[in-house]
Amino acid sequence: MTPGAAFAFASTGIGFDITGVPLAEDTTLIDVGLDLSLGENTAAGVSYSGQFGDGVQDNAVKCRPTWLFN
């Protein structure tokens, strides 16, 4: 499956097509996260997201510290 779209310039009316990267078939998406309260004004979070499919693998880990100012 290859995503695509047709566009045209408003001023001239000249059209053009844009085609994207083919999408993988039979893909699994995983997105999990955990947030922890470390104190009254502090917290931390960590999350993982991954995509696994036909010839495709994409992984990401994110960490997020939070400090609230009163």
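1. Let's start with Asp-35, which is exposed at 55% relative accessible area (exposed means over 50%, buried under 20% and partly exposed in between, with a 1.4 Å probe and protein chains only). Keep in mind that this is a predicted model, where local features need pLDDT of at least 70, side-chain atom pairs count only at pLDDT 80 or more, and totals for chains, interfaces and linings use all residues. Residues are numbered from 1 along each chain as its sequence is written, and side-chain values use heavy atoms, leaving out hydrogens and water.

2. What does Asp-35 meet in a salt bridge? The partner is the side chain of Arg-64, at 2.6 Å from N to O (a salt bridge is a side-chain nitrogen of Lys or Arg within 4 Å of a carboxyl oxygen of Asp or Glu). Arg-64 sits in strand β5 (residues 56-67) and Asp-35 in strand β3, so the pair ties together parts 29 residues apart in sequence (strands are DSSP E runs of at least two residues, numbered from the N terminus). Arg-64 is partly exposed, at 45% relative accessibility. A search of the whole structure turns up one salt bridge.

3. Now the rings: there are three aromatic pairs (ring centres of Phe, Tyr or Trp, using its six-membered ring, within 6.5 Å; planes under 30 degrees apart are stacked, over 60 edge-to-face, the rest tilted). In one of them, Phe-9 and Phe-16 have centres 4.9 Å apart and planes at 40°, so this pair is tilted. Phe-9 is partly exposed at 48%, and Phe-16 is partly exposed at 30%. Together with Phe-7, Phe-9 and Phe-16 make up one aromatic cluster.

4. One last stop is Leu-38, in the loop between β3 (28-37) and β4 (42-53). Leu-38 counts as exposed, at 59% relative accessibility.

Conventions:
Helix = DSSP H or I, 4+ residues; strand = E, 2+ residues; numbered from the N terminus.
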